[in-house]
Amino acid sequence: MKQNVVDAVNRQIREEMQSAYAYLDMSAHFEARKLPGAANWMRNQAREEVAHAMKFFDFLIRRGERPRLAAVEAPSTEFNSILEAFELALSHEQHITQCIHDLFDLAQRERDYPLQTLLHWFIDEQVEEEEAAEGIIDSIRLAGESGEAMFMIDRELGLRQPEDEEEA
Ligand code: MG
């Protein structure tokens with residue numbers, strides 16, 4: 001693989017791990033706020049981000065490259081409500097979508113066809129990620145932030161199960 005492409009994939013591994021960190025931090029926040037359902041949703045989201053990082057990690061290995069892991073930063077997610085948390089999650093996913101699209105542009109410019117194929121999966125995945133966050137934001141807005149509404153939303157978020165390795 002061309003070195004600039006390898007470097008870009010390594011940067012994306014870091015982005016995905018940074019995402020995992022952000023969601024795990026949100027999970028801790030919700031545990032502390034006694035919202036176990038939202039905490040569960042964020043914990044599963046964090047796990048999914050690690051699986052995304054691993055897809056890129058394994059891709060480099062399969063291509064005969066050595067992944068290089070860069071430092072992730074301490075998460076700095078500050079929010080005052082469940083609505084704000086999911087708005088942050090959405091804007092974070094929009095950032096990741098942009099990263100994936102930029103990586104795809106690079107893969108096209110450098111004619112790295114296998115990377116383009118891998119990225120098709122991620123392009124679809126990002127549509128799902130944004131859709132999921134938007135759906136939750138819509139239901140929170142609809143419900144309002146009364147205690148009863150929060151209880152119902154939290155219960156619903158608690159239903160999220162870990163995904164299979166293959167789908168994650
Ligand atoms: Mg991801």
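Student: What makes the contact between Arg141 and Glu87 a salt bridge?

Tutor: A salt bridge is a side-chain nitrogen of Lys or Arg within 4 Å of a carboxyl oxygen of Asp or Glu. The side chains of Arg141 and Glu87 meet at 2.7 Å, N to O, so by the definition the pair is a salt bridge. Arg141 lies in helix α4 and Glu87 in helix α3, so the pair ties together parts that are 54 residues apart in sequence. Helices here are DSSP runs (H or I, at least four residues; strands are E, at least two), numbered from the N terminus.

Student: What kind of model is this, and how are its residues numbered?

Tutor: This is a predicted model, in which local features need pLDDT of at least 70 and side-chain atom pairs count only at pLDDT 80 or more, while totals for chains, interfaces and linings use all residues. Residues are numbered from 1 along each chain as its sequence is written, and side-chain values use heavy atoms, with hydrogens and water left out.

Student: Why is Arg141 called exposed?

Tutor: Exposed means over 50% relative accessible area, buried means under 20%, and partly exposed is in between (1.4 Å probe, protein chains only). Arg141 has 53% relative accessibility, so Arg141 counts as exposed.

Student: How many salt bridges does the structure hold?

Tutor: The structure holds 4 salt bridges. One of them joins Arg160 and Glu48, at 2.8 Å, N to O. This pair links distant parts of the chain: Arg160 is in the segment after α5 (147-157), Glu48 is in helix α2, and they are 112 residues apart.

Student: Are Arg160 and Glu48 buried or exposed?

Tutor: Arg160 has 18% relative accessibility and therefore counts as buried. Glu48, at 4%, counts as buried too.

Student: How do you know that Asp112 and Arg63 form a salt bridge?

Tutor: Their closest N and O atoms are 3.0 Å apart, so the pair meets the cut-off given above. Asp112 lies in the loop between α3 (82-109) and α4 and Arg63 in the loop between α2 and α3, so the pair ties together parts that are 49 residues apart in sequence. Asp112 is buried at 6% relative accessibility, whereas Arg63 is partly exposed at 28%.

Student: What makes Glu16, Glu49 and His52 donors of the magnesium ion?

Tutor: Donors are N, O and S atoms within 2.8 Å of the metal (3.2 Å for Na, K and Ca); water is not among the atoms, so sites may look incomplete. Glu16 (OE), Glu49 (OE) and His52 (ND1) coordinate the magnesium ion at 2.1 to 2.2 Å, so these atoms qualify as donors. Along the chain, the donors follow the spacing E-x32-E-x2-H.

Student: Where do Glu49 and His52 lie?

Tutor: Both lie in helix α2 (residues 36-62), 3 residues apart, about one turn of the helix. Glu49 has a relative accessible area of 1% and is therefore buried. His52 is buried as well, with 0%.

Student: Which residues make the nonpolar surface patch?

Tutor: Met17, Tyr21, Val50, Met54 and Val72 make the patch, which has about 370 Å². Patches are made of residues with over 30% relative accessible area and no salt bridge; like charges are joined within 9 Å, and nonpolar side chains (Val, Leu, Ile, Met, Phe, Trp, Tyr) within 5 Å. Areas come from the Shrake-Rupley method with a 1.4 Å probe, and for residues only the protein chains shown count as cover.
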